[in-house]
Amino acid sequence: MWQAPVTQTTPERIDPDTRLDQLGLESLMAAELSSVLQRRLDCVVPTMELATAAGVRQLAPRLLGRVRRGA
């Protein structure tokens, strides 16, 4: 849901098992997404982590862990 506006698509069109770069996420979008996540989730998500993420399904638990820890 949070990646769709950055990649200019709809959440239904995002395959949770596809690498983010294969979904069209490039370095500038990764920086923008990192900023969006920091504002919305109040946690730091490094741009490189997003750029190399295996997919939303693998990234989501890591983000959830950070939100719970407040990191």
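**A walk through the chain**

Guide: Arg66 is buried, with a relative accessible area of 16%. Buried means under 20% relative accessible area, exposed means over 50%, and partly exposed is in between, using a 1.4 Å probe and protein chains only. The model is predicted, so local features need pLDDT of at least 70 and side-chain atom pairs count only at pLDDT 80 or more, while totals for chains, interfaces and linings use all residues. Residues are numbered from 1 along each chain as its sequence is written, and side-chain values use heavy atoms, with hydrogens and water left out.

Visitor: Which helix does Arg66 lie in?

Guide: Arg66 lies in helix H4, residues 56-69. Helices (H or I, at least four residues) and strands (E, at least two) are DSSP runs, numbered from the N terminus.

Visitor: And which residue does Arg66 meet in a salt bridge?

Guide: Its side chain meets that of Glu49 in a salt bridge, at 2.6 Å from N to O. The pair links distant parts of the chain, with Glu49 in helix H3 and Arg66 in helix H4, 17 residues apart. A salt bridge here is a side-chain nitrogen of Lys or Arg within 4 Å of a carboxyl oxygen of Asp or Glu.

Visitor: Is Glu49 buried or exposed?

Guide: Glu49 is buried, at a relative accessible area of 12%. Glu49 also forms a salt bridge with Arg62, 3.3 Å from N to O. Arg62 is in helix H4 and Glu49 in helix H3, 13 residues apart. Arg62 is partly exposed, at 38%.

Visitor: How many salt bridges are there in the whole structure?

Guide: A search finds four. One of them pairs Arg57 with Asp17, where the closest N and O atoms are 2.7 Å apart. Arg57 lies in helix H4 and Asp17 in the loop between helix H1 (4-7) and H2, so the pair ties together parts that are 40 residues apart in sequence. Arg57 is partly exposed at 48%, and Asp17 is partly exposed at 43%.

Visitor: New topic. What is in the largest nonpolar core?

Guide: The core has 14 residues, and those with the most contacts inside it are Leu20, Leu25, Leu37, Val45, Leu50 and Leu59. Helix H2 (27-41) and H4 each supply at least two residues of this core, and the largest share, four residues, comes from H2. A nonpolar core is a set of buried Ala, Val, Leu, Ile, Met, Phe, Trp, Tyr and Cys residues joined through side-chain atoms within 4.5 Å.

Visitor: Why would nonpolar side chains be found together?

Guide: In soluble globular proteins, nonpolar side chains tend to be buried together.

Visitor: Back to H4. Which of its residues are buried?

Guide: Val56, Leu59, Leu63, Gly65 and Arg66 are buried in H4. What covers the buried residues of H4 includes H2 and helix H3 (47-51). Just after H4, Gly70 takes a positive phi of about 75°.

Visitor: What does Leu50 touch?

Guide: Leaving aside neighbours within four places in sequence, Leu50 is in contact (heavy atoms within 4.5 Å) with Leu20, Leu25, Ala30, Leu33, Ser34, Leu37, Val45 and Leu59.

Visitor: And the chain as a whole, what is its secondary structure?

Guide: The secondary structure comes to four helices and zero strands. Of the 71 residues of the chain, 37% count as buried.
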